[in-house]
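Subject: Structure handover

Hi,

Here is the structure I promised you. Please load it first, then read my notes below.

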Amino acid sequence: ITIAILLGVCLTLLKLQKYSTNKISGTYTIIASVENISQYDFGARLDLDNITLEDEDGEYIYDGNSSVFIENYYITDVVVGSTIKIKGEIVSNEVYTAEDVNKLINNSMSTIEFDKDNGLEIVATKVTLRSEFLNYVSDILHSNMSEDNANLAYGMLFGDKSGISNEVSSVFKTSGVMHLLAVSGLHVGIISGVIIFVIKKICEKTKLSFKSKWITIIALTSLFLLIYAYLCGFVASVTRASIMVIVYLVSQALGEKYDILSSLSVAGIIILLINPLSLLEIGFQLSFVCIFAIITLVPKFLELTRAIKIPNWLSSPLVISMSINLLIFPILINNFGEASIVSVLANLIVIPLFSIIFPILFVCLFIGMIPIFGFVLKLPDVLLQILGRIIDLFASIPYAVVSAFRVGYIVLAIILAFAFIWKYLMVRNITKIALLSSFAVICIIFMIFASMPATIPSNTIVVQDKYGYFNLVYSNDSLVMFGVPNKYTKDFLYDNKISTIDCLVVYDFSMKSYNLIKDFCSDYNVKYLCLDSRFEKFSDILDCNKTTIGYFDNNITFENYNFEVIRDVADNVLAITLLGHEDILYIVKDLQQDDYSLLGSMLNKPYEYVIIAKNDVELYNYDIIANNIICVSGDYGNNVKLRNGVSLKVEV
């Protein structure tokens, strides 16, 4: 595994070197094939390949993949395999985080900024065998099951969660059973168990020799798992589990003892050699850490439960659930900022039930592919309904989720070392206890320091810019944020250890955004929600519990803050003047030329700082005078000073 990781580092450096010398940006007509479609409440994302760029100088083939996000748009006609034509600005991805590096490893070199008003044209549709089969399965499920259960069944079978609603995903996440919607070793184990059982029965009927029987079992099982992994997109968890099943079958055929740690290592080496930086993917981390927990912690905890006479039927599933959750906790916190504390109990009930439902769903699907037998899918439909009700009960438990800031992977490394020492280190008990105690104390210290919220200096402005979104946080003993929050907003606040927003000012949003706003107010304990007065008619929908909602026309007053709102003739917000510091003008979005002209005519003084979305706007052409322009899509220094000595901090 160490050799494979070192190889991955070398390949990563080569990729980064190639990428740094081949960056591209500009506005083009883009022709590309759609590799994947992800639907969200607030829009859709298309992953593109086979990209051709056209401009006035001609056309050329783009070396790499890209993605385009279309806000407030639901994909209907476009399918995986479609060739589309759009006009947009292609922007090379920057490399700041492990997530960004992982995109480059997967050849996703850029992001396309696209306005749906420019139109999206479908040039051709070439459906692959995989997408045609998956679409066929989806049609069968939707024809014979309820909408929610059909999407749930499809996600359980192939790991595709794009059709599952945010509400359902949230319930599964809160209950700590989200792994049921991501094809994992549990799914592969159940499927391979069914397949091996069927093949063995057939082999017994044909009276094959011992050698021929095992060759047949290994060959057919491997072929089936390869096809299934292909349908699931060769995600790390499926690939890992498939390799381990094959290693197990080979060991049985050879009459050798099956060692699960060696099998896990073989799977890790193969995956890392094929795609070295799979190591950065959360699916890889969760899959391998779960099995490592079962190998190391479960036997030791079972020894303790047997010593205190807990029945095996209760202790075994309880210990497995506890061990897995202990080791994956740092991964969940580092990636999602929260982890379920009811998952141990939920999995005690849900996993045995799922182990019954999933093979029934799998078998019924095969039978249901015969046109006249689709009705058999009514059985898993009812069972999934029961499963959903049980998961809802666990999600409704108060304080089911614990939130924390990123604890760092050093904590994960310490916990893994703890598990390894406890299981394998052959030293005297007193020495082992001393080592384990030291590791536990170090881990607790790291987690305490990592969970402490950041102290934001007063009079600070923080600008976020990622994937075309930006918000403004203005601090003076309290934090105020402008704009509709989104996934990247939460990532930004989480990275900067900001846990509370005192006031959220929303000047423009569609009704598809109201869930985002409600969840944000709840997650960040927002005291005041200031909305444009045009949205007052939606006050019943935006019931945010402990958040006080106010509406504004031309100015906003919040504690010791006063913000002047500048609007156009259609009453749309163009800019906001921060009256606490009159030298700052915040232009809320990328405006049209006429909007800039109107804004310039309404302003009667120069500004020390103007914050703007795009860097290709010459503000002085519109009589907007600024000594300094802060462009959220450009590069600039981290700290500057206003004339009155107040510090201004800008972060991208």
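A cut-off first: buried means under 20% relative accessible area, exposed means over 50%, and partly exposed lies in between. Keep in mind that this is a predicted model.

**Salt bridges**

The structure holds four salt bridges. Three of them are described here.

Start with Asp502 and Lys527. Their closest N and O atoms are 3.4 Å apart. The two residues sit in distant parts of the chain, 25 residues apart. Asp502 is in the loop between helix H16 (487-495) and strand E13 (503-506). Lys527 is in the loop between helix H17 (514-523) and strand E14 (528-532). Lys527 has 43% relative accessibility, so it counts as partly exposed. Asp502 has a relative accessible area of 10%, so it is buried.

Next, Asp532 and Arg567. This salt bridge has its closest N and O atoms 2.8 Å apart. It also links distant parts of the chain: Asp532 is in strand E14, Arg567 is in strand E17 (residues 561-567), and they are 35 residues apart. Asp532 is at 0% relative accessibility and therefore counts as buried. Arg567 is buried too, with a relative accessible area of 7%.

Arg567 has another partner. It forms a salt bridge with Asp571, with 3.7 Å between the closest N and O atoms. Asp571 is partly exposed, because its relative accessible area is 33%. Shared partners join Asp532, Arg567 and Asp571 into one network.

**Nonpolar cores**

In soluble globular proteins, nonpolar side chains tend to be buried together. Now to the cores in this model.

The largest nonpolar core has 54 residues. Those with the most contacts inside it are Leu141, Met156, Leu157, Phe158, Phe172, Tyr228 and Phe358. Several helices each supply at least two residues: H3 (129-144), H4 (147-158), H6 (185-206), H7 (210-231), H8 (236-254), H12 (343-368) and H13 (378-395). H12 gives the most to this core, with nine residues.

Which residues does Leu141 touch, not counting residues up to four places away in sequence? They are Ala150, Ala153, Tyr154, Leu157, Leu365 and Leu377.

**Ser343**

Helix H12 also holds Ser343. Is this residue buried or exposed? Ser343 is at 3% relative accessibility, so it counts as buried. Leaving aside neighbours within four places in sequence, Ser343 is in contact with Ser175, Gly176, Ser321 and Asn325.

**Helices H8 and H10**

Two packed helices are described by the angle between their axes and the distance between the axes. For H8 and helix H10 (residues 282-307), the angle is about 40° and the axes are 8 Å apart. That angle makes H8 oblique to H10.

On the H8 side, the contact is made by Ala236, Ser237, Arg240 and Met244. H10 brings Gly283, Phe284, Ser287, Phe288 and Ile291. By class, this contact has five nonpolar, three polar and one charged residues.

Best wishes

Terms used
Residues numbered from 1 in each chain as written. Predicted model: local features only at pLDDT ≥ 70, side-chain atom pairs only at ≥ 80, totals over all residues. Heavy atoms only, no water. Core = buried A, V, L, I, M, F, W, Y, C linked by side-chain atoms within 4.5 Å. Buried < 20%, exposed > 50% of the residue type's maximum accessible area, 1.4 Å probe, protein only. Helix = DSSP H or I, 4+ residues; strand = E, 2+ residues; numbered from the N terminus. Contact = heavy atoms within 4.5 Å. Axes fitted to C-alpha atoms, helices over the stretch in contact; angles between N-to-C directions. Parallel < 35°, antiparallel > 145°, perpendicular 65-115°, else oblique. Nonpolar A, V, L, I, M, F, W, Y, C, P; charged D, E, K, R; others polar. Salt bridge = Lys/Arg side-chain N within 4 Å of Asp/Glu carboxyl O.
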